[in-house]
Amino acid sequence: MVEYAPIIIGSLVVLFFAVPSLSSKDSKSSSNNARRSAVALFLPGLILTFSASVVMCSWEDAYQRGYQIFSLPSVRSAAESYIETGDGDITDILESGKYAPTFGYYEVSYLIKDLLRHTIFHTNSHNADNIDEGYNKGNDWFASMLGDTMMYTSGLYPTGSETLEEAQNYKIDYVADAIQVKPGMSVLDIGCGWTYVAKRLTEKYGANVTGITLSKEQLKWGTEWNANNDATILLQDAMQIHERDDLPKQFDRITSLEMAEHVGIRRYQEFLSKVRNLLKDDGVFYFQVAGLRRHWRFEDLVWGLFMGEHVFPGADASCPLGWVSDQLEKAGFEIQRVHNMGSHYSRTLAHWLDNWRSNEEKIIAKYGDKAYRRWEVFLAWSVRVARQGSSTLFMFTLTKADVMDERRIESQAHLVPKDINA
Ligand SMILES: *[C@@H]1O[C@H](CO)[C@@H](O)[C@H](O)[C@H]1NC(C)=O
């Protein structure tokens, strides 16, 4: 993309200085005008330069990779038009490899809006607002996709033929094993969703779980769901949890499944440091987070921008493994194990898509057909993206760095690769 930048910057510079001096007779005021225009136009010029470079590069890349860039719209335009009208075959649009992942109107206007929002209008209430938009759609909306477990995170499919519910149960059992949870241990689940992790760790493993969420809908659901067990569900921001007197200052175990994406890159380190403070020195932290591939293609960005606009507004911290690991190590964690399970996310999303489609009539009756199709596109597109690795899933098992030797020895004994001779 940088190769086009000099031409565009050059043209802009010529324009900045040529236009005002042509339109004015007085040479002194014209040079002032020129300077003023240059200053005033600098930022828009930079944005324009950047956008134009990205657009051109994406077109060149798509052309070289054999997409039908002249006869068909871009994949995003085709998907948007499917959402608007219901015309077209969404599977063909997303899976055929004919519709190009080129940048255009949707991407550029979103990037500019997003830039202005972050630089000019950024507020502290941003996070809570995003949660309302992303998660407070009504529990029935999510139940139509997630099924009985209401887990909005990837399952694990050890044989590949599990049902969604089996895959979600297996995943939580894996988490229980990773953190070596024992009866009576205090567990904090940060971003507890509809609380199935808290429920299963409490009921099957006898842990004393506190689940925290920022969503009122999840709080309501989780409180009812856990009415007959000892799990505690709270409406609480993880950043302020240390201020509560009714909770332990530190927990034996902490879990956080696909919540950190919402923390934001700027506060990531602060978030992880808080988690570290909340964990006992001999504790274990299980951290599951969606990620991206570093060796990216334009299709990754085009999908990411669709997600940013329609699905997870404000979630901007899906990053490659190196970045996440770096943040974790800087915050004082030692990585004991990490899995990349993106293809299992693809299976999970395919199950969500099946559920969603089987509830089509009900969803359309309540939320309208565009909302139905927008979510259908999100799920169908994400099935592909997670399958090919544009987006993936990291599962970390972590302990505190620079503390007890016993804990290191115990964790590593527990995690030693097994069954190599089986
Ligand atoms: C469980 O944890 C809560 C705090 O989250 C605490 O008030 C309660 O006493 C604990 N229960 C047991 C049985 O340890």
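Which residue takes a positive phi just after α7? In this predicted model, local features need pLDDT of at least 70, side-chain atom pairs count only at pLDDT 80 or more, and totals for chains, interfaces and linings use all residues. Residues are numbered from 1 along each chain as its sequence is written. The residue is G147, with a phi of about 75° just after α7.

The chain has 17 helices and seven strands. These elements are DSSP runs numbered from the N terminus (helices: H or I, at least four residues; strands: E, at least two). Of the 422 residues in the chain, 36% are buried. A residue is buried if 20 or more other C-beta atoms lie within 10 Å of its own, exposed if 12 or fewer, and partly exposed in between, with C-beta atoms placed from the backbone. Among contacts with a separation of 6 or more, 75% join residues 24 or more positions apart. Two residues are in contact if their C-beta atoms, placed from the backbone, lie within 7 Å.

In α7, the buried residues are S144, M145 and L146. Their cover includes α14 and α15. The loop between α7 (139-146) and α8 (164-178) holds M150. The phi of M150 is near 55°, a positive value in a residue other than glycine. M150 is buried because 20 other C-beta atoms lie within 10 Å.

Helix α16 was examined next. It has 20 residues and reaches 29 Å from its first C-alpha to its last. That is close to the 28 Å expected at 1.5 Å a residue. The expected span is 1.5 Å times one less than the number of residues in the helix. Just after α16, G389 takes a positive phi of about 95°.

Two packed helices are described by the angle between their axes and the distance between the axes. Helix α15 (residues 360-367) packs against helix α16 (residues 369-388) at an angle of about 130°, with their axes 7 Å apart. α15 is therefore oblique to α16. Axes are lines fitted to C-alpha atoms, for helices over the stretch in contact, and angles run from 0 to 180 degrees between N-to-C directions. Angles under 35 degrees count as roughly parallel, over 145 as roughly antiparallel, 65 to 115 as roughly perpendicular and the rest as oblique. From α15, the contact uses E360, I363, I364 and Y367. From α16, D369, A371 and Y372 take part. By class, the contact has five nonpolar, no polar and two charged residues. Ala, Val, Leu, Ile, Met, Phe, Trp, Tyr, Cys and Pro count as nonpolar, Asp, Glu, Lys and Arg as charged, and the others, Gly among them, as polar.

The ligand is surrounded by S186, N208, T210, T232, L247 and P248. A residue is near a molecule or strand if its C-beta atom, placed from the backbone, lies within 6 Å of it. The shell around the ligand has two nonpolar, four polar and no charged residues.

T213 lies in strand β2 (residues 208-213). T213 counts as buried because it has 27 C-beta neighbours inside 10 Å. Beyond four places in sequence, T213 is in contact with G191, C192, G193, Q218, L219, G222 and L235. The C-alpha atoms of T213 and L235 are separated by 5.2 Å, and the two residues are 22 residues apart along the chain.

Three further loop residues were placed. E258 lies between β4 (251-257) and α11 (268-278). E258 is buried, with 21 other C-beta atoms within 10 Å. Leaving out residues up to four places away in sequence, E258 touches T153, Q288, V289 and A290. P183 lies in the loop between α8 and β1 (186-190). P183 counts as exposed because it has 8 C-beta neighbours inside 10 Å. With residues up to four places away left out, P183 touches Y205 and G206. D402 lies in the loop between β7 and α17 (405-414). D402 has 7 C-beta neighbours inside 10 Å, so D402 counts as exposed. The phi of D402 is near 60°, a positive value in a residue other than glycine.
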